[in-house]
Amino acid sequence: VFLPMLYDLVCGDVSEWEVAPRFDELLQGTGVEVVRGEFVDIDPDLRELRVRGPEGGGIEVMPYDRAVLALGGQAARPAVKGALSF
């Protein structure tokens, strides 16, 4: 997310993709693969990751040269009456 442009997004002056482009679009043509799923295990000797897909199911074994594990997050929504309306 490009924070300086959040005001422009709220005002409707820019599109969401300009403020928060998708990683797969940013990395297109770089040889970097974005994989979304649940990290299960890593074997550094064999240079393999084990990942369960985002919808569950089986575990995929993926070889790697370099790996970046990026943890996801969820916004905290306090239990304040009316908060979800805003």
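The legends below describe close-up views of a predicted model. Local features need pLDDT of at least 70 and side-chain atom pairs count only at pLDDT 80 or more, while totals for chains, interfaces and linings use all residues. Residues are numbered from 1 along each chain as its sequence is written, and side-chain values use heavy atoms, with hydrogens and water left out.

**View 1. The hairpin of β1 and β2.** Strands (E, at least two residues) are DSSP runs numbered from the N terminus. β1 and β2 run antiparallel and are joined by five bridges; strands pair if DSSP finds at least two bridges between them. D43 has E48 in β2 as its bridge partner. Four residues lie between the strands, and R47 takes a positive phi near 55°.

**View 2. The two faces of β2.**

**View 3. The hairpin of β2 and β3.** Five bridges join these antiparallel strands. R52 stands opposite I59 in β3. Six residues separate the strands, and G56 takes a positive phi near 85°.

**View 4. The largest pocket.** A pocket is an open set of points on a 1 Å grid over the protein atoms alone, where a 1.4 Å probe fits, with protein on both sides within 12 Å along at least five of seven lines. This one holds about 1,000 Å³ of space, a volume being the space filled by probe spheres set on the points. Its lining (residues with an atom within 4 Å of a point) has 24 residues; E33, V34, V35, V68 and A70 lie nearest the centre. β1 (38-43), β2 (48-52) and β3 (59-63) each give two or more residues to this lining.

Conventions. Buried means under 20% relative accessible area, exposed over 50%, partly exposed in between (1.4 Å probe, protein chains only).
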